[in-house]
Amino acid sequence: MDSLRSRVRDAAAQGQALELVGHGSKRFYGEAPQGQPWVLSREPALCGLRAHEPAELYVTAGAGTPLRELEAQLGSQGQQLGCEPPRFGGEGTVGGLIATALAGPARPYWGGVRDALLGLTLIDGRGELLKFGGTVMKNVAGFDVARAMCGAMGTLGLITEASFKLMPIPQAQVTLRFDATQDDAIYAANQAALQGLPLSASAWWNGSLLLRLSGLEASVRAAAKRLGGDALPVDLALGFWNGLRHQSDEFFAGAVRAIQAGSGVAIWRLSLPPTTPVLKVPGEQLIEWGGALRWLVTPLAAQAVRELAERAGGHATLYAALDKSAPAFTPAQGAEAQIRARLKSEFDPKGIFNPGRLG
Amino acid sequence: MSVAAPQGLQALRKLLGPEGLIERAGGFGPYECDGLSAYRARPLAVAIPADAEQLGAVLRICHEAELPIVPRGAGTGLSGGALPHPQGITLSLARLNHILALDPASRTARVQCGVRNLAISQAAAAHGLYYAPDPSSQIACTIGGNVAENAGGVHCLKYGLTLHNVLGLRGFTAAGEPIELGSMAGALDSPGADLLALAIGSEGLLCVVSEVLVRLTPKPPEARCLLASFGTVTQAAQAVCALIASGLTPAGLEMMDQAMTRAAEDFVHAGYDLEAAALLLCESDGAPETVAAEIEQMRAVLQACGATRIEESRDEAERARFWSGRKNAFPASGRMSPDYLCMDASIPRARLAEMLAAIEAMQTQWGLRCANVFHAGDGNLHPLILFDGKDPEQLRRAEGFGAQILETAVAMGGSITGEHGVGVEKLSSMCVQFSRAELERFQGLKQAWDPAGRLNPGKAIPELRRCAEGGKLWVREGKLPHPELERF
Ligand SMILES: Cc1cc2nc3c(=O)[nH]c(=O)nc-3n(C[C@H](O)[C@H](O)[C@H](O)COP(=O)(O)OP(=O)(O)OC[C@H]3O[C@@H](n4cnc5c(N)ncnc54)[C@H](O)[C@@H]3O)c2cc1C
């Protein structure tokens with residue numbers, strides 16, 4: 001750890017920008033990385049499990065630890081991270097998970113990355129090793145700096161290790177398929193959540209609504225009976241949700257092909273109130289999170305997409321595109337922008353960590 | 001007092017009128033302290049804005065006049081967070097108490113900060129929904145105060161803390177500039193560092209919250225409770241771990257030791273097993289099939305862990321009876337001793353047995369008794385150290401005992417506070433949990449939001465030179481803060 005700290009201090013002294021890299025699986029996400037790449041997954045001091053207390057439902061892992069390795073270990077004890085983090089191309093690290101805060105299909109039901117995170121340690125821009133939060137479920141001492149790191153894209157510090165709350169892999173899981181228009185799907189997913197059914201994922205694509213139920217055998221069976229629909233075979237269901245989670249399914253694969261072929265489309269990720277009505281835009285759409293996440297593959301101009309999202313009460317992220325001249329994230333304004341800027345200079349006074357990555 | 005203070009007060013008078021500004025010391029009574037009544041102070045004045053617009057204007061005036069501001073909800077806080085600043089304005093948010101919108105389809109409610117926690121659930125009940133986080137002060141405490149403290153309750157084991165149930169905030173910075181964090185429309189993600197998470201639990205130091213978008217939860221159709229007796233505290237603590245490890249998430253999982261059970265039984269006559277060294281209350285809620293299946297599994301685990309007796313609630317009245325002693329544990333403690341210190345530490349669940357054994361040993365070491373009643377499922381302890389306040393020597397020992405519990409909690413990887421916050425009470429204990437560099441980052445973070453340091457100064461994060469005394473909730477002469485409320 002001391003050598004990592006001194007590398008940070010040297011960089012700060014020389015004003016040298018560092019690009020923090022886990023596996024680089026999310027390098028496409030956000031603004032273009034700047035600075036000298038530092039591959040944290042190759043730093044032995046940052047890799048590996050520190051503690052896993054199955055009875056306690058928490059795990060602590062180095063930030064360079066591959067998610068693959070972490071999740072294999074948890075799975076062997078019948079446990080998982082509630083936030084279902086994506087592994088793009090099978091890659092991804094603990095640090096990248098927190099920095100990007102990208103959560104999977106269970107997000108509205110089991111919570112996001114910040115909800116699963118209990119604490120972390122980081123090296124700030126002064127080279128200090130700091131610990132915030134911990135491994136306990138309840139902790140209200142001091143400001144919640146650990147959770148503030150979620151979504152910061154590594155601009156506030158180098159995460160060295162983190163602890164997460166775990167959940168047991170549910171006893172039973174059933175996926176139901178319904179023929180549905182977008183309208184019907186948005187309505188049905190919200191109604192199902194309102195009835196307190198044990199939902200754990202929902203998605204609409206291409207005329208089908210899929211609802212995943214998870215929990216005790218008896219409650220999943222009872223809920224499935226109430227909802228009707230066609231139960232998907234287990235393998236097919238697992239393949240579908242994994243494809244969505246890791247974005248290897250046909251919707252994303254097709255979108256990436258279209259981008260690379262220079263067709264002028266971009267992938268947009270819109271975080272919206274779940275009951276937002278159907279978005280009338282050219283191109284393809286996929287709905288997740290009971291309506292709260294809308295993926296658009298569209299040639300529409302950035303400004304138009306942003307206005308659409310803003311009118312609905314949410315915001316749009318330019319997720320993947322060849323032309324990334326528009327800002328990737330909706331820029332902050334007013335007092336919030338000022339606070340964000342001051343926060344950055346407090347944690348990284350010399351501006352060495354991932355400058356510009358957030359815009 | 002700042003040079004500009006008189007002009008500031010003049011401007012506040014003009015803005016708020018006599019009903020919106022209390023300046024007479026005679027009117028300060030209810031505002032002199034919060035639930036931690038051992039600390040009292042008088043503010044310069046109490047401002048009571050009628051709406052968000054006035055709230056913003058009050059903050060801008062105070063900013064101009066360089067007046068410190070202490071936000072205040074219902075004043076039920078247990079760490080002195082709403083304690084007045086002698087040269088500052090106490091900002092009562094009690095009149096911002098309107099539920100602005102309730103949308104069953106998206107399962108959200110948009111409420112002003114002064115709305116009481118329980119009032120949200122009452123309004124949502126018509127739609128079969130409720131607001132899950134349920135501090136035992138819920139009939140009195142406000143959602144703004146809950147946000148500031150990241151408050152929890154019995155339901156939090158299964159449904160999460162305030163943090164997990166708030167989607168967005170609207171409010172003002174210390175300078176009176178409007179700010180919105182998270183999403184007030186109900187979107188789940190926002191770009192950049194999670195400022196919403198930072199604001200939650202910030203004890204009124206970063207911004208004043210005027211409006212909150214909360215997530216509502218479908219009301220479970222059924223709830224059933226098991227009451228299990230154990231021959232040793234260690235066995236009960238092991239049962240807590242075994243329950244969690246078995247993949248169950250109880251809707252509530254609470255423990256009482258024998259001292260506490262006996263005092264509670266004296267007080268409420270719940271029919272508790274007085275021979276048990278410890279009792280566990282273990283609840284399941286949800287659809288009837290779920291509850292039936294869960295209760296069966298819970299029973300099996302409790303039995304395997306050596307429960308000597310297990311009772312199951314057959315109806316709502318019986319469930320209420322099981323909980324009655326737990327809910328009245330604090331007033332019941334008054335029967336054991338006129339004075340007690342209520343600690344609020346949080347530890348990894350797996351070390352519960354070890355911690356309870358350590359506390360037992362500390363009783364001998366300090367020559368004082370300690371009763372335990374707590375959120376076992378969360379590892380959130382509330383040891384009650386019993387002593388006689390008339391004996392200064394006993395008070396000194398009680399404080400030493402309390403400090404040792406907090407230090408032990410930190411050494412076990414826990415925290416000096418699980419839900420009551422730091423306030424003024426635990427400023428010194430912050431130095432046990434955090435390093436100098438960490439405390440400096442907290443100060444810097446405070447400055448990023450409030451460069452002039454006017455919002456609730458002197459609370460939650462210690463000055464670096466202060467690192468000495470231990471923290472305390474000292475209940476004097478059996479007089480409780482907010483005796484009208486049920487206790488957890
Ligand atoms: C009998 C009893 C039982 C309790 N049980 C629990 C429990 O089970 N779980 C638990 O977590 N707590 C519990 N508490 C503690 C207390 O009720 C909570 O901390 C509650 O959240 C405080 O809310 P309040 O409105 O009373 O806030 P106050 O006491 O008025 O204020 C608390 C803090 O919040 C700040 N604040 C208040 N409103 C705002 C706002 N709008 N914007 C910014 N800052 C604000 C204040 O400055 C202060 O620092 C209990 C207290 C009592 C007396």
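How far apart do the end C-alpha atoms of residues 1-169 of chain A lie? The legends below take up this span, then a cavity and the ligand. This is a predicted model, in which local features need pLDDT of at least 70, side-chain atom pairs count only at pLDDT 80 or more, and totals for chains, interfaces and linings use all residues. Residues are numbered from 1 along each chain as its sequence is written, chains are lettered from A and ligands numbered from 1 in the order in which they are written, and side-chain values use heavy atoms, with hydrogens and water left out.

**View 1. Residues 1-169 of chain A have end C-alpha atoms 34 Å apart.** The span is 25% helix and 26% strand; helices (H or I, at least four residues) and strands (E, at least two) are DSSP runs, numbered from the N terminus. An unreviewed UniProt entry gives these residues the feature "domain: FAD-binding PCMH-type"; such annotations may be inferred rather than shown by experiment.

**View 2. The second largest cavity holds about 340 Å³ of space.** Of its 25 lining residues, the closest to the centre are Leu20(A), Val21(A), Gly22(A), Gly96(A) and Ala99(A). On a 1 Å grid over the protein atoms alone, a cavity is a set of points where a 1.4 Å probe fits but cannot get out, and lining residues have an atom within 4 Å of a point. Volume is the space filled by probe spheres set on the points, which are joined across faces, edges and corners. H3(A) gives the most to this lining, with four residues. By class, the lining has eight nonpolar, 13 polar and four charged residues; Ala, Val, Leu, Ile, Met, Phe, Trp, Tyr, Cys and Pro count as nonpolar, Asp, Glu, Lys and Arg as charged, and the others, Gly among them, as polar.

**View 3. The ligand is surrounded by 34 residues.** The closest are Pro71(B), Gly73(B), Thr76(B), Ser137(B) and Thr142(B), where a residue counts if one of its heavy atoms lies within 4 Å. H4(B) gives the most to this shell, with five residues. The shell divides into 14 nonpolar, 14 polar and six charged residues.

**View 4. Thr142(B) places a polar side-chain atom 2.7 Å from an oxygen atom of the ligand.** For Gly145(B), a backbone N or O atom lies 3.3 Å from a ligand oxygen atom. In Asn456(B), a side-chain N or O atom is 3.2 Å from an oxygen atom of the ligand. The protein covers 99% of the 970 Å² of accessible area that the ligand has on its own (Shrake-Rupley method, 1.4 Å probe).

Methods
1 Å grid on protein atoms, 1.4 Å probe; cavity = no way out; pocket = protein on both sides within 12 Å on 5 of 7 lines; lining within 4 Å. Polar contact = N/O pair within 3.5 Å; in protein donor to acceptor, adjacent residues only side chain to side chain.
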